[in-house]
Amino acid sequence: MAQKNRKQQIRKELKKKDAELNKEKETEKQEDVLILGNEEYPEIETFENIDEELDLDQKVEFQTEAKPVKEGLFSKVKKMFSRDNKVLKVLSDKADLVLEKEGEMKKLTDDQFPVYTQQLKDRIANGETLDDVLVEAFALAREAARRVLGLHAFKVQIMGAVALHQGDIAEMKTGEGKTLTSILPAYLNALSGEGVHIVTVNDYLARLGCEEMGRIHEFLGLKVGVVLNSMDKDERRAAYECDITYVTNGEIYKYMTEE
């Protein structure tokens, strides 16, 4: 009997707690509520007839404490795209500056391209950063690609090149010009004299990149090499000493893990 009474008491306590919890939830749902003493009144849109609606002799207290608002999925997605749009705006503006120099670069003779490259190298050696010369370097390499291979980088490819230089990932589908896009940041970063690696997945693509795209960099006055699986250590060393080196991911792994 005592056990039965205990169960009933527990059930009553649980119901009481559920009722209190539901009451709290209902209170949280209400917005813009005026609290007058112990009574609640709905929001009044105007104060023209407030004396008819309320007893003004009572002390009026307003709820001014801010309640935490949960951020919904839509809000999060909106913020995400807002950030992406800002990034795209920066890339777009930089690409426009590169395009503005197209006329200037077209006036150069073929012999002036390696001279211009050396001037950019000297400026970097004297304290300027890669970002300082990015627009000129990209415009120069873009014109070189047009003269050597007849390939003219579009604005979206220039934007992708800027993203790569900034250390970001530029996702491009098949046929959208990934190889041509890589020419611009590779050239720019090679101006520092520290060497650039363009990594591919197999020897065929590494050789192809060196033989075709390498012509553009050589036209600009840079030295280009390739590392193949069949090469000995001396040949590999010579290739790694070039301004730009085409190499496979497997070769890089082998190089990094050798003792």
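Guide: What follows goes from the overall make-up to particular residues.

Guide: Please keep in mind that this is a predicted model. Its secondary structure comes to 11 helices and six strands, and of the 259 residues 32% count as buried. Among contacts between residues at least 6 apart in sequence, 62% join residues at least 24 apart.

Visitor: Which residues of helix H10 are buried, and why are they on the same side of H10?

Guide: In helix H10, which spans residues 233-240, the buried residues are Arg236, Ala239 and Tyr240. They are on the same side of H10 because they cover an arc of only 95 degrees around the axis.

Visitor: How many salt bridges does the structure hold, and how should I read one of them?

Guide: The general idea is that side chains of opposite charge can pair when their charged atoms come close. The structure holds 12 salt bridges, and one of them joins the side chains of Asp96 and Lys155 at 2.9 Å, N to O. This pair links distant parts of the chain, since Asp96 belongs to helix H3 (residues 73-100) and Lys155 to helix H7 (residues 155-165), 59 residues apart. Asp96 is partly exposed at 27% relative accessibility, and Lys155 is partly exposed at 28%.

Visitor: Where do Glu143 and Arg146 lie, and how many residues apart are they?

Guide: An α-helix has 3.6 residues a turn, so residues three or four places apart point the same way. Glu143 and Arg146 both lie in helix H6 (residues 130-149), three residues apart, or about one turn of the helix, and they form a salt bridge whose closest N and O atoms are 2.5 Å apart. Glu143 counts as buried, with a relative accessibility of 2%, whereas Arg146 is partly exposed at 31%. Both residues also belong to a network of salt bridges that links them with Asp110 and Arg147.

Visitor: Which residues make the nonpolar surface patch?

Guide: Val201, Tyr204 and Leu205 make a nonpolar surface patch of about 320 Å². Leu205 is found in helix H9 (residues 203-219) and is partly exposed, with a relative accessible area of 35%.

Technical notes: Residues are numbered from 1 along each chain as its sequence is written. This is a predicted model: local features need pLDDT of at least 70, side-chain atom pairs count only at pLDDT 80 or more; totals for chains, interfaces and linings use all residues. Side-chain values use heavy atoms; hydrogens and water are left out. Buried means under 20% relative accessible area, exposed over 50%, partly exposed in between (1.4 Å probe, protein chains only). Helices (H or I, at least four residues) and strands (E, at least two) are DSSP runs, numbered from the N terminus. The arc is that of the directions from the helix axis to the C-beta atoms. Contact means heavy atoms within 4.5 Å. Patches are made of residues with over 30% relative accessible area and no salt bridge: like charges are joined within 9 Å, nonpolar side chains (Val, Leu, Ile, Met, Phe, Trp, Tyr) within 5 Å. Accessible areas come from the Shrake-Rupley method with a 1.4 Å probe; for residues, only the protein chains shown count as cover. A salt bridge is a side-chain nitrogen of Lys or Arg within 4 Å of a carboxyl oxygen of Asp or Glu.
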